[in-house]
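Have a look at the model below and turn it around a few times. We'll walk through it one piece at a time, starting with a strand pairing.

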Amino acid sequence: MRDGFGTCLKKMKLLGNRMDVVEKKLGITGKESSSHDLQQTTSSLPKRRLEHGSESVNGAKARHDEKPSSSKALSVEAKEKEVKEGKEKELKEKELKEKANKGLEKVLAKAKEAKANEAKAKEAKANEAKTNEAKAKEAKAKEKEAKAKEKEAKAKEKKAKAKESEAKEKEEKEAKEKEEKETKEKEAKEKEEKEAKLAAEAWLGEAKLEEEAKAKEAADKAKEPDESAVEASVVLMDKDEDTVSDGNSTAKLIIPNTKVGHGYDPFALPDKQLTKALMDHVKKDPLLDKSSWTTSQKTFQKTYGQVFYWDDFTEDLPHMDAYINVLRLRQRNNPNHFRSERICFLDHLFSRMWRDKYGEFKSSVPDHNGLGRRLLGGSWDLYAGIVPTFCATNKTWGVDIDEIYAYVNFQNDHWIAIWISIPMRHIVVWDSVVKHISKAELDEIMEPFLTMVPYLLVECASTDEKRIKYSLEPFTYERPTVGVPQCIASDCGVYALKYMECHALGYTSFPPAFCEKNVKQIREKMAHDIFHETPGFEGIEDETSYFNDLDMYG
């Protein structure tokens, strides 16, 4: 038992030393219980000392001064005492052990708490560092965004300035072009007025001039072997001379006395008697001030000029359509005059409506066959030859009609002519002022015709067999410049009509008579043709309705 108690004391002392080390590491001082207390407690326990000469209970001798009778009692008492002391000792050891365990638990709990606090502090510090880092990144991103916005604002400002500068340059350029255009128009007008003045002087000149012209005309007719095979010659007055006479005069033969074209000469001289008849009717125009009628140049401009010089713009479309009606009438009455019976002439409604409504057609969604698009109203009537109603052909495109002639307006200030060939799937454009329309602008003008003509042929075909004959692929086009007569801007309408007429008559190239020098007499002849060939101009009772029917004022 003594050995066991000693071993217990040693272990308790070792435990106390360990607790000391832990307390030093954790910095714990002044506690209720410590390892020193444990050491002091164990060291203060009384040690059992044996009396000198004493022996153990078993076989030990009694002291020599004691009596033999009491040695047994002493031995029992010592044993009891020893047992009691052992129990007390065990109890104290147990209490000390429990106390040590409780102290150790407290120390460990405090150590754990300190460790947890340290971990929390580290975590809080790490979170703070992360927060600061995130804030720094956010601030940097905001700074970068602000710089980007500033850069973008500067770029926009720069772009706006460039655009403003470009707009200014464009405006200046347009102003300059407008000024140049006005200058050219003014010069052209002055030139036209000068030509009209010379023409008026020649027209209203002496009677001798008219007699000489009649004599020359009679001589020319006498030379002609056969009127059916030879056309009348054309005489043009030189605009730079005041009179017309024989020999070395300004009257020049520009077309020889041979048959030109197939049916008639589109550049024949106007007949003077027809001109007089026309002028007599013009004098009945209620819109003219009859008090101003004299033989002066001013009167000539008011009458002759008003009849033969129309503007080629949208408000004067009746003039263009009126001459197309003449061609349609001639084709119906004398189809053999033209190079083919499978041609037709269309008025301005065809080109204007197709261009105006092309956006609706283009934006409509086709079916799986590419058909079902939205066609403008009246497309079937065009296809079937029901319109134009004047001298309607009632011929179907692609079946009875192979070629179509039409004229197209550009920005209300210029006319061009187009010839559509259905078999060749091709369109030819004749332009009298080529520089007036750029290639890109012409592409835009022609797109409706290149796309919608082949579509109409497929969509309106009466049978699948006829539909298979055609394709939805767009037509091609060209604008030739070689051999195409050019003019000043104000004559483009006359040129567009004459392009179509010459080609329809079978001219392989435009004749020399088709030039700006002859444009006055060309206009005059066209006015004669409209007046005398279009039905309803004779035996008129209502003069106002007559001038409306004449379609010579837009």
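Find valine 428: its bridge partner in S7 is glutamate 478. Before going further, note that this is a predicted model, where local features need pLDDT of at least 70, side-chain atom pairs count only at pLDDT 80 or more, and totals for chains, interfaces and linings use all residues. Residues are numbered from 1 along each chain as its sequence is written, and side-chain values use heavy atoms, with hydrogens and water left out.

Back to the strands (DSSP runs of E with at least two residues, while helices are runs of H or I with at least four, all numbered from the N terminus). Strand S7 covers residues 476–478 and runs parallel to S6, joined to it by three bridges. Two strands count as paired if DSSP finds at least two bridges between them. S6 also pairs with strand S5 (residues 414–421), this time antiparallel and through six bridges. There, alanine 417 sits opposite tryptophan 430 of S6. The S5–S6 hairpin has four residues between its strands, and arginine 425 takes a positive phi near 50 degrees in it.

Is S6 (residues 426–431) enclosed or open? Six of its six residues are buried, so the rest of the structure largely encloses it. Buried here means under 20% relative accessible area, exposed means over 50%, and partly exposed is in between (1.4 Å probe, protein chains only). His426, Val428 and Trp430 point one way, while Ile427, Val429 and Asp431 point the other way.

Now for the salt bridges, meaning a side-chain nitrogen of Lys or Arg within 4 Å of a carboxyl oxygen of Asp or Glu. The structure holds 25 of them. One links glutamate 152 and lysine 156 at 3.7 Å, N to O. These two are four residues apart in helix H3, which means about one helical turn separates them. Lysine 156 is exposed, at 54% relative accessible area.

Which residues does arginine 330 pair with? One partner is glutamate 501, with the closest N and O atoms 3.2 Å apart. Arginine 330 lies in helix H7 (residues 317–333) and glutamate 501 in helix H13 (residues 492–505), so the pair ties together parts that are 171 residues apart in sequence. Arginine 330 also meets aspartate 529 in a salt bridge, at 3.0 Å from N to O. Aspartate 529 belongs to helix H14 (residues 519–533), so this pair connects parts 199 residues apart in sequence. Through shared partners, salt bridges join Arg330, Lys498, Glu501, Lys525, Asp529 and Glu533 into one network.
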